[in-house]
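Please open the model in your viewer and keep the selection panel at hand. The tour below moves from one selection to the next and says what is there at each stop.

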Amino acid sequence: MLEVRNLMVFFENALAINDLSLQVHAGEIVGLIGSNSAGKTTLMNALSGLIIDMRIKEKRRGGERITLYGNIIFNGEDITATKPSERVKKGIVLCRERHPVFPESSVVENLKIAGYLKKRQQIRESIESVFDIFPALGKLKSRKAGFLSGGEQQMLTIGMALVVRPKLLLLDEPLLGLSPMMQQVVMEAIVELKQNSGITVLLSEQFARPVLPVIDRGYVVENGMLSLSGSGQELMANPEIKSAYFGI
Ligand SMILES: Nc1ncnc2c1ncn2[C@@H]1O[C@H](COP(=O)(O)OP(=O)(O)O)[C@@H](O)[C@H]1O
Ligand SMILES: [Mg+2]
């Protein structure tokens with residue numbers, strides 16, 4: 001479904017993504033594991049196309065030069081130069097790192113806001129489908145988002161991306177800032193997502209422990225380069241991963 005070929009991203013002269021290639025097949029949950037500043041967000045921005053907007057803005061400001069080499073192929077089509085809005089229409093939706101919810105609005109209202117570009121009937125159907133995927137969120141639909149727990153808020157954030165009906169959902173560090181218990185809530189939601197929808201997921205994380213048991217395959221990224229890849233099980237059994245992420 002998604003293929004990244006020899007991607008390189010430079011911020012001025014600093015290399016943030018270095019000759020990175022990976023694939024995501026339809027129906028998979030693929031993890032991208034890497035520590036702080038490994039390049040996870042840069043990759044997500046390249047995949048969603050946001051980096052194209054960043055590049056244009058920086059150029060206008062006379063700021064740093066952002067350069068991108070390599071190719072991003074989605075369902076057989078080269079989308080490397082495709083605008084983010086066009087990528088959304090093709091089904092690539094990014095749930096950004098630390099994406100906030102509207103705390104004074106209810107769960108349903110937040111979901112409506114996320115679908116504001118769609119027709120009313122479509123929004124209603126999309127919201128119903130989000131509640132089918134995340135029944136726990138359905139139970140909280142009238143609650144103000146500000147009163148949800150951290151894990152529930154993150155589930156809502158993912159729900160807001162689901163309203164747009166992605167084929168490929170990109171989740172950038174969905175566990176960031178959550179307690180281990182809340183991380184579990186979110187990972188369970190991601191399992192439900194897999195079971196209750198046909199959506200393909202690429203998620204980035206620094207925390208390998210809650211993520212590896214859930215993903216089909218994973219890639220480990222260090223300094224913008226892939227260092228390891230394999231099934232979730234293989235990665236869990238890997239001695240380097242054990243010492244770096246599990247402290248054993
Ligand atoms: N807008 C930017 N300008 C310059 N350097 C950046 C910018 N965004 C990210 N970087 C650099 O690129 C590298 C990867 O960052 P990032 O993709 O945010 O990593 P992660 O999301 O894995 O923490 C880091 O060295 C970071 O300093
Ligand atoms: Mg990041």
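Begin by selecting ligand 1, which in this predicted model is surrounded by Phe11, Ala16, Ser35, Asn36, Ser37, Ala38, Gly39, Lys40, Thr41, Thr42 and Glu64, a residue being listed if one of its heavy atoms lies within 4 Å of the ligand. Helix H1 gives the most to this shell, with 3 residues; helices (H or I, at least four residues) and strands (E, at least two) are DSSP runs, numbered from the N terminus.

A backbone N or O atom of Ala38 lies 3.1 Å from an oxygen atom of the ligand, and a polar backbone atom of Gly39 is 2.9 Å from an oxygen atom of ligand 1. On Glu64, a polar side-chain atom lies 2.7 Å from a nitrogen atom of the ligand. Taken alone, ligand 1 exposes 560 Å², of which the protein buries 64% (Shrake-Rupley areas with a 1.4 Å probe).

Now select the magnesium ion, ligand 2, which is coordinated by Thr41 through OG1 and by Glu97 through OE, at 2.0 to 2.1 Å. Donors here are N, O and S atoms within 2.8 Å of the metal (3.2 Å for Na, K and Ca), and because water is not among the atoms, the site may look incomplete. Thr41 lies in helix H1 (residues 40–48) and Glu97 in the loop between strand S6 (92–95) and helix H4 (107–114), so the pair ties together parts that are 56 residues apart in sequence. Thr41 is partly exposed, with a relative accessible area of 25%, and Glu97 is likewise partly exposed, at 30%; buried means under 20%, exposed over 50%, and partly exposed in between (1.4 Å probe, protein chains only).

Move on to helix H4, where Val107, Val108, Asn110 and Leu111 are buried. They cover an arc of only 160° around the axis, which puts them on the same side of H4; the arc is that of the directions from the helix axis to the C-beta atoms. What covers these buried residues includes helix H5 (120–133), helix H6 (135–139) and helix H7 (150–162), contact meaning heavy atoms within 4.5 Å.

Finish in helix H7 by selecting Thr157, which counts as buried at 3% relative accessibility. Leaving out residues up to four places away in sequence, Thr157 touches Cys95, His99 and Val101.

For your selections, residues are numbered from 1 along each chain as its sequence is written, while chains are lettered from A and ligands numbered from 1 in the order in which they are written. Local features need pLDDT of at least 70 and side-chain atom pairs count only at pLDDT 80 or more, whereas totals for chains, interfaces and linings use all residues, and side-chain values use heavy atoms, with hydrogens and water left out.

Terms used:
A polar contact is a pair of N or O atoms within 3.5 Å; within protein, one must be able to donate a hydrogen and the other to accept it, and residues adjacent in sequence count only if both atoms are side-chain atoms.
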